[in-house]
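Here are my notes on the model you sent. They cover the nonpolar cores and then the strands.

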Amino acid sequence: MGMSITLDTAMRALMAQQMGVDNVSHNVANASTVGYSRQRLTMHAIPGSFVGDGIPRPGMGVEVVNIDRVRDLFIDYQMRQQFQSAGRYDAQAESLQRLELVLSEPGDGGLRGSLDGFFNSWRDLANAPESPSARTAVVQSGQTFALAANRVYTSMNVLRREADSRLQGAVAEINDLTTEIASLNQQIGKMVATGTPSPDLSDRRDVAIDRLATMLNISYVQQSDGTIDIAVGGHSLVTGHIAQTLVGVPNAANSNYIDIQFQADGLALNTSGGEVRGLIDQRDVDLPARIADLNSLVSAVLTDVNAAHNAGFGLDGVTGRDFFVGTDASDIAVDPLNIADINRVAASATAGGVPGDGSNASIISDLQYAQGLLGGTATYDDFYGNFVASVGVDSAEAQSRLQAQNLVVDQMKLVRDGTSGVNLDEEMVNLTRYQRAYEAASRLVRVADEMLDTLINRTAV
């Protein structure tokens, strides 16, 4: 009986230390695995009891009762709060950077350069109203300005469409993440119910939750069965092993861009943070406001030039003609009739279109300096300069916020890695500790074997 207890105790020690070595091996193998949390064994001594005559018996050795993840839930919560802000700032910064490229300012290919060239061509025409080349230059510079306005308008709407396309991709990714989290919840719940450790599955779930937090301002609660319930904007997103599906529904009132809704009840997704919020803000708030400013500028130029051109006379003596057609940046163009017949360009302010009179061309060129915008306080150049400057300032601020937020995120990652990451030096120490304990347990087996040998084979009969 005594030898059997000794061997059982030694066997349990061997098994426990072997599991310790296996645990070290698992940690070292995943030292560079994204989202991996180092694991540690929890060992308990097996208590002894009393033999029949009340004499106490020594303990029965050691057993591994659990494999725990080294994880700080408070740090996880703080990091995910920072992820939400970083995701939103990233979407804003990227959109504004691309808008700066669209404007191409300062530069000869920008809208400002083409607008300056347009009014300068009218000044040249005022000096030589009968010159075919000067009239052709006015028509061509008008086309250049119109095309530049069309290009900027189209490019800004392309940015809106790209934001909408990214939102559609975000819906698909969110659904994949919530489905994965729900599936992992189910697996973890089953393992918790049977007392089986599930650290690796929990790590996979945390990676998915981290990514989800970058996209939405989620809140979550861990239940006693090991599952995690997730909500966004007060609406359940994942409950146990059930994930709510999001859908993108085209909105005819918003250029058929999608509204994100919950498929089950049709309620709108309400998120105040994350990439999704940043993309929605750029698509539906920031870019439309800037497009409206662009249209205000182009509409003012179109209206003012047409009014002055209507009052003038072409070389053919006819008045009352527009120079531009269209309404704003989306469709402004030089009247095709003026392109076909440059004599229609109304350079003269004198009835009948006196050939040497370029006074109306001078009036049109002076529109460049008229303060007709922002309540009569800004010229076209002032207005557009403010427009470009606001884009630059907002872009710089967005970049600054993103960089500052990324610094916070990086610092939080360092804190989490310091807690949950694998420290190879520490693992080598643990490996040595388990190895020495294993060797001691092996020695115990040999001692028990020698004692049995003495008892059975060397005891005199």
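This is a predicted model: local features need pLDDT of at least 70, side-chain atom pairs count only at pLDDT 80 or more; totals for chains, interfaces and linings use all residues.

1. Main core. The largest nonpolar core has 47 residues. Within this core, the members that touch the most others are Trp122, Phe145, Val305, Phe324 and Tyr380. At least two residues of the core come from each of these helices: α2 (73-103), α3 (111-127), α4 (132-193), α6 (274-311), α8 (359-366) and α9 (380-420).

2. Trp122. Leaving aside residues up to four places away in sequence, Trp122 is in contact with Val138, His309, Phe323, Val345, Ala346, Ala361, Ile364 and Ser365.

3. Another core, of 35 residues, lies apart from the largest one. Its members include Ile209, Leu269, Ile280 and Met412. As background, nonpolar side chains in soluble globular proteins tend to be buried together.

4. First hairpin. Strands β4 (residues 228-232) and β5 (residues 235-239) are antiparallel and pair over three bridges. Ala231 has Ser236 of β5 as its bridge partner. Two residues separate the strands of this hairpin, and Gly233 has a positive phi near 60 degrees.

5. Val238 stands opposite Ala243 of β6. This hairpin, too, has two residues between its strands. Which residue in the turn has a positive phi? Gly240 does, at about 60 degrees.

Technical notes: Residues are numbered from 1 along each chain as its sequence is written. Side-chain values use heavy atoms; hydrogens and water are left out. A nonpolar core is a set of buried Ala, Val, Leu, Ile, Met, Phe, Trp, Tyr and Cys residues joined through side-chain atoms within 4.5 Å. Buried means under 20% relative accessible area, exposed over 50%, partly exposed in between (1.4 Å probe, protein chains only). Helices (H or I, at least four residues) and strands (E, at least two) are DSSP runs, numbered from the N terminus. Contact means heavy atoms within 4.5 Å. Two strands pair if DSSP finds at least two bridges between them.
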